[in-house]
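Open the model in your viewer and keep the selection tool at hand. Each stop below says what to select and what is there.

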Amino acid sequence: MRFEKKMISQWVTHRCERQLGLSLWTDAEQASPAGHALGIPHRQIRPGFHQMARAGDEWQAEKTADLIAAFGPDSVLGHPSPTIKRDPSGGYKAVSYEPVELDRFLPGAVPGTFLVETEFDPLNPVFEARWRLDWVHTLPLAFRRVRPDAIQVGHSRQFASGITPAGELVDLTEDPRVPLRVIDMKLSSQPGPGYFAEVTYYALALSAWLAHRRLDGQFAVAADAAVWPGSFDVSRVRAHGPSALDHDLELVPIEVFVSEIARFFKEILPRVATTAATPAWSTDLSWHVVPSCAGCDYLGQTFPGVRSGSGAASQPHPNHCVPTAHDTDHLCRLPFLPRGGLTVLARTGIARTAVLAERRASDRCFDEHHSLRAGRSIIPARARALAGGRIGIPGQDATTQCIPKWSDLSLYVTADFDPSSAITFAFGLSGFFFPNPFRAGGGQPEPACAGPRIHGPAA
Ligand code: SF4
């Protein structure tokens, strides 16, 4: 099994033990006899996944080119044979670097430079002691190397505060050490808490690594770690020069996320990693399918246009969450049932929608959670509808919205569009009602619906 930083952002986003536990298994381990014996499902490759990954790499290459354009080629240090794309005027358009050891460049790095794609091993006695990771060595669990997209080598006193390996903030305003700032280039135009937690992990790991290598007398890690988010605009640093770099960056509120990292390493990861390596993973790792699961590798969707044999990695596995929910009649089949409500129901012995369908609105199982109390009529009614019962309005305390029989109505369901990547993953659905004078009883409205359309780079 192998831990990598994206598991932190996934955890912060989904809080799903099952996702974390399954993600720890590498593809090779999942496909091994041991993985098959435990029923570990494969990572489902979603259509568009490769385009998204490629777009992220291109964004990083463009931002690296912006650094070169603003600070000069000698200021950006990395693998000596970068791939360079030039714009029509001969300027730097996109520059890609290969991973390289941080050790190789850091000792000679001078203020005003950037280390690109430099990596290091996060596990060392300092990091392990600070975050109580001694348990790691009792499991077959490796830590993937840490590789910030860029490390800015600042001038002494450039940043007001630094961060220690333990996550404490220290004053750098009178500190002669050279500050290092972690910058991660994310395609997303609106980086969320998940990305901030990732960057915090990078900063903490770098701080511990410096201490482990006894370089912490020469360097400090700046608390001003940052994300360089996606944007269609020309970057400010390219347009206005080095002093405009901070206007392109979104600072990470690192002190907020230190506690998240602490809980993750001290409580969550040891418990989940231990369980994920046992046959009990399928029952003991909590899970709950909700709309935000749409991007999860273990959802088990059936994608339109992806036929069996056209790529096994895109097919659902019986142990993915949607097939499992169907097979076990899991309560997450009910829409709008929050995770807390599911936990409360499970405590009262209700783990299947068929059981819930038999409960009356007055049942005490709905008393313990505010969402269950509010939905005590509609929740069992939904469970009955799922079981093939009548669909209707359950009682006086439920509400519904109806489309009138005839209202000159046009309906459009539009897509969620990511403006930073310009890759659209879905779908428009439009419907309207019109009178058809040629039918018997002409003049009666008829619904019409244009089917879903998928737009994107390949469409
Ligand atoms: S799809 Fe399943 S594993 Fe993934 S986040 Fe949702 S519940 Fe968790």
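**First stop: a buried loop**

Select Ala223. It sits in the loop between strand S13 (219–221) and strand S14 (226–228). Helices and strands here are DSSP runs, numbered from the N terminus: helices are H or I with at least four residues, strands are E with at least two. Ala223 counts as buried, because 27 C-beta neighbours lie inside 10 Å. The cut-offs are these: 20 or more other C-beta atoms within 10 Å make a residue buried, 12 or fewer make it exposed, and anything in between is partly exposed, with C-beta atoms placed from the backbone.

Now show the partners of Ala223. Leaving aside neighbours within four places in sequence, Ala223 is in contact with Phe159, Ser161, Gly162, Ile163, Leu169 and Ile254. Contact means that the C-beta atoms of two residues, placed from the backbone, lie within 7 Å.

**Before you go on**

This is a predicted model, in which local features need pLDDT of at least 70, side-chain atom pairs count only at pLDDT 80 or more, and totals for chains, interfaces and linings use all residues. Residues are numbered from 1 along each chain as its sequence is written.

Zoom out to the protein chain. Its secondary structure comes to 17 helices and 20 strands. Of its 459 residues, 35% count as buried. Take the contacts between residues at least 6 apart in sequence: 64% of them join residues at least 24 apart.

**Second stop: two crossing helices**

Select helix H8 (residues 193–212) and helix H11 (residues 254–276). At what angle do their axes cross? The axes cross at roughly 85° and come within 9 Å. Axes are lines fitted to C-alpha atoms, for helices over the stretch in contact, and angles run from 0 to 180 degrees between N-to-C directions. H8 and H11 are therefore roughly perpendicular to each other. That label covers 65 to 115 degrees; under 35 counts as roughly parallel, over 145 as roughly antiparallel, and the rest as oblique.

Show the contact residues. H8 brings Phe196, Ala197, Thr200, Tyr201, Ala203 and Leu204, while H11 brings Ile254, Phe257, Val258, Glu260 and Ile261. By class, this contact has nine nonpolar, one polar and one charged residues. Ala, Val, Leu, Ile, Met, Phe, Trp, Tyr, Cys and Pro count as nonpolar, Asp, Glu, Lys and Arg as charged, and the others, Gly among them, as polar.

Stay on H11 and pick Ile268, which is found in this helix. Ile268 is partly exposed, with 17 other C-beta atoms within 10 Å. Not counting residues up to four places away in sequence, Ile268 touches Trp11 and Arg263. The C-alpha atoms of Ile268 and Glu17 are separated by 8.2 Å, although these residues are 251 apart along the chain.

Go to H1. Its buried residues are Met7, Ile8, Ser9, Gln10, Trp11 and Val12. What covers them includes strand S1 (2–3), H2, H8 and H11.

Next, select Arg15. It lies in the loop between helix H1 (6–14) and helix H2 (17–23). Most residues other than glycine have a negative phi. Arg15 has a positive phi of about 50°, although it is not a glycine. Arg15 is partly exposed, with 13 other C-beta atoms within 10 Å.

Compare Glu117, in the loop between strand S6 (113–116) and strand S7 (118–119). Glu117 is not a glycine, and its phi is positive, about 60°. Is Glu117 buried or exposed? Glu117 counts as buried, with 21 C-beta neighbours inside 10 Å.

Select the ligand and the residues around it: His14, Cys16, Arg18, Gln19, Trp287, His288, Val289, Cys293, Cys296, Tyr298, Leu299 and Cys321. A residue belongs here if its C-beta atom, placed from the backbone, lies within 6 Å of the molecule. By class, this shell has eight nonpolar, three polar and one charged residues.

Select helix H14 (residues 339–347). Its buried residues are Gly341, Leu342 and Leu345. They cover an arc of only 100° around the axis, which puts them on the same side of H14. The arc is that of the directions from the helix axis to the C-beta atoms. On the other side of H14, Ala346 and Arg347 are exposed. Helix H15 (353–357) and helix H16 (370–374) are among what covers the buried residues.
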